[in-house]
Amino acid sequence: MRWVPDVGTALLFGGLSHAMMAALLAVFWWRSRSDKGFGWWVANELQLALATLLLLLVAWLPAGLIMCVSNALLLASAPAMETGLRIALGRAHRSALVCRWLVAALVFGLWLASWLMGAGYTSRALIFSLGLLVQLGLFASFLLGVRAAAWRLPVRLLLASVLIVALADGVRIIQLLNEWGSAKANLASALPLLTLSGLFAAFLRLCAMLVLVHGRVEQGLRQAQAELERRANVDAQSGLASRAHFDIAAPQLLANAARQGLPLSLLLCDLDHFKQVNDRFGHQAGDAVLREFGAALRQVVREGDLPGRLGGDEFAVLLYDCDLLRAEQVAERLRQITTGLQLPDASRLSLSIGLCLITPPMSFAQAYRCADQALYAAKAAGRNCVQRSMAAEVSLS
Ligand SMILES: Nc1nc2c(ncn2[C@@H]2O[C@H](COP(=O)(O)OP(=O)(O)OP(=O)(O)O)[C@@H](O)[C@H]2O)c(=O)[nH]1
């Protein structure tokens, strides 16, 4: 026995399903403000729901009016879909969009003219189906030209949905040609096929939209996460590694150097009398000095070194693959660059530096203590100088 759903059931099922998909898309659109172009896809699903449900009202409204509105909505579906997609992709070229909507209007105009001129059902349906096939072909050719990697899956799903409708439309055209001139040709015989293929296509479109929304949300989260990481890892004032990042990265650098048997040196730098800079010129001038010093510090380090701001006017640099001699040269160069930085009254800044050569199995905490002692000694020795720690003396001898 061959099962054929009755026309009314197919229409009701199809119309309500389209309406539910439209509602689902609208919720996504509304809640996540998904993307530009998304509104067109919501509208497209609504169009299809209306076009299908309208056909159920044939007993209450004039059949001509229903056919006119329903066909106009159906023919507007492909351009609405493509308009949304083009807007989302940033390829909403006016000429291309006008062309698509004109084709839809032309097909509708031809169908309307044939109806007004009293053409039979088969001719009218053929004009409609052939016009729809042209529209689907244009949309498919656009989809085939979309190359963006992020759009691969949604575009394939959309393409599959277009092909399904085109296939059903092709079957309908063959059916109409076979029925040419026969009195039994009518819409009812094709409705189950068209409604069900349209529904399946709509389901694929819905999947494509959900993949897009998911991708967009995921991208947003990834960007937010990257921004949070950047804020946590980079000191906003100086542009150097933050204290938090330095505390994590420093032991890793120590482990790398030990594994590779490379020397590593730690410089601890403290601006001299920085409090007076704030007191005399204000905090904004103090902030500017911190920024300038951050830039000076970046100037003397190499790629692979770790410069950071530990807090206030205290900075640290881990110099990778750097022995004591070179560390002293770097520290001296940094001190000289700093003394070249001018304060608002043209007086000069100065810098005290404590340095320590890190030799395994020294931990970062031990190295920090050594460099801090050396820095303390530099301050005690009158500031504006470089001192190396006693641990360094031991390791040199
Ligand atoms: N403008 C500005 N000042 C800061 C910031 N963080 C800390 N400071 C100030 O930096 C100053 C640090 O002073 P200290 O390290 O105690 O002492 P100093 O004046 O540098 O003197 P010595 O270190 O002994 O040479 C304090 O006055 C802090 O208020 C900041 O982000 N911006």
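Author: We'll go from the overall build to the cores, the pocket and a few backbone details. Keep in mind that this is a predicted model.

Reader: Fine. How many helices and strands does the protein chain have?

Author: The protein chain has 14 helices and five strands. It runs to 397 residues, and 46% of them count as buried. About 20,400 Å² of the chain is accessible surface, with carbon and sulfur atoms making up 64% of that.

Reader: Next, cores. Which residues have the most contacts inside the largest nonpolar core?

Author: The general idea comes first: in soluble globular proteins, nonpolar side chains tend to be buried together. Here the largest nonpolar core holds 40 residues, and Trp-41, Leu-85, Leu-143 and Trp-151 have the most contacts inside it. Among the elements giving two or more residues to this core are helix 1 (7–32), helix 2 (38–54) and helix 7 (152–178). Helix 8 gives the most, with nine residues.

Reader: Let's zoom in on one of those. What is Leu-85 in contact with, leaving aside its neighbours within four places in sequence?

Author: Leu-85 is in contact with Trp-41, Phe-139, Phe-142, Leu-143, Trp-151 and Leu-158. There is also a second, separate core of 29 residues, which includes Val-277, Val-300, Leu-355 and Leu-357.

Reader: Which helix supplies the largest share of the lining?

Author: Helix 6 does, with nine residues. Helix 1, helix 2, helix 3, helix 4, helix 7 and helix 8 are also among the elements that each supply at least two residues of that lining.

Reader: How many disulfides turn up in the whole structure?

Author: A disulfide is a covalent bond between the sulfur atoms of two cysteines. A search of the whole structure finds zero of them. As for individual cysteines, Cys-68 has a relative accessible area of 18%, and Cys-385 has 16%. Buried means under 20%, so Cys-68 counts as buried and so does Cys-385.

Reader: Now the backbone. Where is there a cis peptide bond?

Author: Look at the bond joining Pro-360 and Pro-361, which is cis with omega about 5°. Pro-361 sits in the loop between strand 4 (351–358) and helix 13 (364–380).

Reader: I'd also like to check phi. Which residue has a positive phi of about 50° although it is not a glycine?

Author: That's His-273, found in the loop between strand 1 (264–271) and helix 10 (274–281). Ala-346 is another non-glycine residue with a positive phi, near 75°. Ala-346 lies in the loop between helix 12 (324–339) and strand 4.

Technical notes. Residues numbered from 1 in each chain as written. Predicted model: local features only at pLDDT ≥ 70, side-chain atom pairs only at ≥ 80, totals over all residues. Heavy atoms only, no water. Disulfide = S-S within 2.5 Å. Buried < 20%, exposed > 50% of the residue type's maximum accessible area, 1.4 Å probe, protein only. Helix = DSSP H or I, 4+ residues; strand = E, 2+ residues; numbered from the N terminus. Areas by Shrake-Rupley, 256 points an atom, 1.4 Å probe, with all protein chains shown as cover. Core = buried A, V, L, I, M, F, W, Y, C linked by side-chain atoms within 4.5 Å. Contact = heavy atoms within 4.5 Å.
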